[in-house]
Amino acid sequence: MAQQKLETPEELFHYQLRSARTMEQHSLESLDELHAAVSDTKLKKMFSHHADETREQIDHLEQVFALMGYDLTTAPSPATTGIKNQAAGILEKADSKLHNQIALVSALGNEHFEISAYTALIFQAQALGNADAAKLLTDNIDQEIHTSKELRSTLKEMLS
Ligand SMILES: [Fe+2]
């Protein structure tokens, strides 16, 4: 079936919300892979905690679908597919003593993409007049910002 062209701001929001579900699914898969790749106990704990938060974020996204009256569907998220593939490729090439660092950099890249995705979704939800949806999306971005700061300081500490 041919994809219908997105014509309105709400259709665009809907599509990007569907992509965000895929994005968070990729985060879960990626956190699982990164968890397996690292040796550092602190990092393993951090990735497990982020996976728990990601499950909460998926739940928030599903609540936004309900608030907007949308069916629960997904759309592709090629950017996060790329981030995941990039990490897998570098991990395969690199000695295991570099895996902690590679995992942190990949997780940081993923967080930054998620922050940009939620920034747009929050503004779009506000523009569509749905404050409750904007609030749920803000809860997600707040977690992503917190996580990115944590990853950044852990990476800095590791390399200094
Ligand atoms: Fe996330």
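Here are some friendly notes on this predicted model, point by point.

1. **Ground rules.** In this predicted model, local features need pLDDT of at least 70 and side-chain atom pairs count only at pLDDT 80 or more, while totals for chains, interfaces and linings use all residues. Residues are numbered from 1 along each chain as its sequence is written, and side-chain values use heavy atoms, with hydrogens and water left out.

2. **The iron site.** The iron ion is coordinated by Glu24 (OE), Glu24 (OE), Gln57 (OE1), Glu114 (OE) and Glu144 (OE), at 2.0 to 2.6 Å. Donors here are N, O and S atoms within 2.8 Å of the metal (3.2 Å for Na, K and Ca), and sites may look incomplete because water is not among the atoms. The donor residues follow the spacing E-x32-Q-x56-E-x29-E in sequence. Glutamate 24 belongs to helix 1 and glutamate 114 to helix 4, so this pair ties together parts that are 90 residues apart in sequence. Helices (H or I, at least four residues) and strands (E, at least two) are DSSP runs, numbered from the N terminus. Both glutamate 24 and glutamate 114 are buried; the scale is buried under 20% relative accessible area, exposed over 50%, and partly exposed in between (1.4 Å probe, protein chains only).

3. **The largest nonpolar core.** A nonpolar core is a set of buried Ala, Val, Leu, Ile, Met, Phe, Trp, Tyr and Cys residues joined through side-chain atoms within 4.5 Å. The largest one has 20 residues, of which Phe13, Leu17, Val64, Tyr118, Leu121 and Leu137 touch the most other members. Two or more residues each come from helix 1 (9-37), helix 2 (41-68), helix 4 (99-127) and helix 5 (131-159). Helix 4 gives the largest share, six residues. A second, separate core holds 18 residues, including Phe47, Leu104, Ala107 and Leu108.

4. **Tyrosine 118.** What does tyrosine 118 touch, not counting residues up to four places away in sequence? Its partners are Met23, Glu24, Gln57, Leu61, Leu137, Asn140, Ile141 and Glu144, where contact means heavy atoms within 4.5 Å.

5. **Salt bridges across the chain.** Taking a salt bridge as a side-chain nitrogen of Lys or Arg within 4 Å of a carboxyl oxygen of Asp or Glu, the count comes to seven. Glutamate 29 and lysine 84 form one, with the closest N and O atoms 3.1 Å apart. This pair links distant parts of the chain, from helix 1 to helix 3 (residues 78-93), 55 residues apart. Glutamate 29 counts as partly exposed at 31% relative accessibility, whereas lysine 84 is buried, at 15%. Glu33 joins Glu29 and Lys84 in a network of salt bridges. Another bridge has glutamate 157 and lysine 42 meeting at 3.8 Å, N to O. Here helix 5 is linked to helix 2, with the residues 115 apart. Glutamate 157 is exposed at 54% relative accessibility, and lysine 42 is partly exposed at 44%.

6. Arginine 55 and aspartate 52 meet in a salt bridge at 3.3 Å, N to O. Both lie in helix 2, three residues apart, about one turn of the helix. Arginine 55 is partly exposed at 48% relative accessibility, and aspartate 52 is partly exposed at 44%.

7. The structure holds one aromatic pair. The rings of phenylalanine 65 and tyrosine 70 have centres 6.1 Å apart and planes at 80°, so the pair is edge-to-face. For reference, rings of Phe, Tyr and Trp (its six-membered ring) pair if their centres lie within 6.5 Å, and planes under 30 degrees apart count as stacked, over 60 as edge-to-face and the rest as tilted. Phenylalanine 65 is buried at 0% relative accessibility, and tyrosine 70 is buried at 14%. Arginine 21 lies over the face of phenylalanine 65, 5.7 Å from the ring centre; the rule asks for NZ of Lys or CZ of Arg within 6 Å of the ring centre and within 35 degrees of the ring normal.

8. **Two threonines.** Threonine 147 sits in helix 5 and is buried at 2% relative accessibility. Leaving aside neighbours within four places in sequence, threonine 147 contacts His50, Glu53 and Glu111. Threonine 41, in helix 2, is exposed at 62%.
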